[in-house]
Amino acid sequence: MLNIRYEKTTAPKELPAADNPLKFGTIFTDHMFLMDYEEGKGWHDARIVPYGPISLEPSAMVFHYGQEMFEGLKAYKTEDGRTLLFRPNKNAERANNSNKRLCIPTIPEEDFAQAVKAMVKMDERWIPTKPGTSLYIRPFVIATDPFLGVRPSNRYLFAVILSPVGAYYPEGLNPVKIWIEDEYVRAIKGGIGEAKTGGNYVASLASQVKAHEEGYSQVLWLDGKERKYIEEVGAMNIFFKINGKVLTPELNGSILPGVTRDSVISLCKHWNVPVEERRISVEELYEAGKDGSLEEVFGTGTAAVISPVGHLRFEDHVLMVGDGGIGEFSQKIYDTITGIQLGKVEDTLGWTVEVV
Ligand SMILES: *Cc1c(COP(=O)(O)O)cnc(C)c1O
């Protein structure tokens, strides 16, 4: 149990106006959670203080060697005024899996959860209520040792910041165009693809820029060895519905184990919809497109929940999926997960946690 020190802001900000579109990741709340780590002392000095710049030495190791971990989850306001988190224990657990891979000291799961809940409680007035909106929660750890040289840092900062966000796709769940990447790779088995860390994102930028220039909104990543098997789409996991069966690439060491991915698989099992986690090649996908058995393609992640895919391109081959709208199964998954998150659909799988 953390003993959190509170330093409330004396200058609370004005809340965004009701018609503010709350562009993702642009507005931050009044406070932030901070906690330090020092070798010999462990995690200490948990505090909630006014949101603002943090001061670091230019030699802080995170700037040079990229030792950092982050998480992403959301808080939702129900119609009857309760505040819910969606499976926060999964994020606490994943944070430590990332920490271990990145040589960052682990954070007790209950302390991670306490920090998240304390922040959401503190800035509860910032949770937007319009349909499709939520409060995005970004916990992260950075290496702060002022030292040039490659080794794990001896000092770290754990922070939690909050951002009210609007619908990820303001124009609705319109299928997006995806560029299947055959030049760059995001991650390889044995690398850090399984960890949620900035390094994987910087590795993806060149490809994203190229895809945008070609008029595509996201990149589909292939395995780094054979460049044949499908891994992820942008910063989301990917699902296919082929011949009535739901398919997603198996977790193979280079795929990020998404909480939304896990939720979709659990819902399929709960509904007795056949679901398989296995290797899926681009060839198999294009074959299914050709013979008409490819029904739906969608990405999954906390930010958008579901992102339908309507158009894929691999080298010179374009593959169109569906009729230009969102598929029936994708819509059902979206409605169920967002319904549970908002307390509108019965939470039979026990996924929501109330912040009191
Ligand atoms: C965060 C993330 C996801 C999605 O995970 P969720 O827990 O569902 O939000 C998928 N892929 C990558 C690379 C990610 O960083």
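Is Thr336 buried or exposed? In this predicted model, Thr336 has a relative accessibility of 13% and therefore counts as buried, the limit for that class being under 20%. Thr336 is placed in helix H7. Apart from neighbours within four places in sequence, Thr336 is in contact with Leu267, Trp271 and Val345.

A pair of aromatic rings is described by the distance of the centres and the angle of the planes. The structure contains 14 aromatic pairs. One of these pairs consists of Phe86 and Trp351, with an edge-to-face arrangement, a centre-to-centre distance of 5.6 Å and an angle of 80 degrees between the planes. Phe86 belongs to strand E6 (residues 83-86), while Trp351 is in the loop between helix H7 (328-341) and strand E18 (352-354), so the pair ties together parts that are 265 residues apart in sequence. Phe86 and Trp351 are both buried.

A further pair is formed by Phe298 and Phe329, whose rings are tilted at 50 degrees between the planes, with 6.2 Å from centre to centre. Since Phe298 lies in strand E15 (residues 294-301) and Phe329 in helix H7, parts that are 31 residues apart in sequence are tied together by this pair. Both members, Phe298 and Phe329, are buried. Elsewhere, ring pairs join Phe33, Tyr37, Trp43, Phe112, Tyr156 and Phe158 into a cluster.

Two charged side chains are placed over aromatic rings. The charged end of Lys177 sits over the ring of Tyr216, at 4.9 Å from the ring centre. For Arg279, the charged end sits over the ring of Tyr229, and the distance from the centre is 4.1 Å.

The ligand has 14 residues around it, of which Lys196, Tyr201, Glu232, Thr260 and Thr302 come nearest. For Tyr201, an N or O atom of the side chain is 2.5 Å from an oxygen atom of the ligand. For Thr260, a polar side-chain atom lies 2.6 Å from an oxygen atom of the ligand. The side chain of Arg94 likewise has an N or O atom 2.8 Å from an oxygen atom of the ligand. The ligand taken alone exposes 380 Å², and 96% of that area is buried by the protein.

Positive phi values occur at two residues that are not glycine, Arg87 and Val305. Phi of Arg87 is near 50 degrees. Arg87 is found in the loop between strand E6 and helix H2 (88-101). With a relative accessible area of 8%, Arg87 is buried. Val305 has a phi of about 70 degrees and lies in strand E16 (residues 305-314). Val305 is also buried, its relative accessible area being 6%.

Gln114 is found in helix H3 (residues 109-122). The relative accessible area of Gln114 is 18%, so this residue falls under the 20% limit and is buried. When residues up to four places away in sequence are not counted, Gln114 touches Met1, Leu2 and Ile4.

Ala288 is placed in helix H6 (residues 282-290) and, at 5% relative accessibility, counts as buried. Leaving aside neighbours within four places in sequence, Ala288 is in contact with Ile242, Ser293 and Leu294.

Gly327 lies in the loop between strand E17 (317-320) and helix H7. At 18% relative accessibility, Gly327 counts as buried. The separation of Gly327 from Ile48 is 279 residues in sequence and 43 Å in space, taken from C-alpha to C-alpha.

Note on methods
Residues numbered from 1 in each chain as written. Heavy atoms only, no water. Phe/Tyr/Trp six-rings, centres within 6.5 Å; stacked < 30°, edge-to-face > 60°. Helix = DSSP H or I, 4+ residues; strand = E, 2+ residues; numbered from the N terminus. Buried < 20%, exposed > 50% of the residue type's maximum accessible area, 1.4 Å probe, protein only. Lys NZ or Arg CZ within 6 Å of the ring centre and 35° of its normal. Contact = heavy atoms within 4.5 Å. Near = heavy atom within 4 Å. Polar contact = N/O pair within 3.5 Å; in protein donor to acceptor, adjacent residues only side chain to side chain. Areas by Shrake-Rupley, 256 points an atom, 1.4 Å probe, with all protein chains shown as cover.
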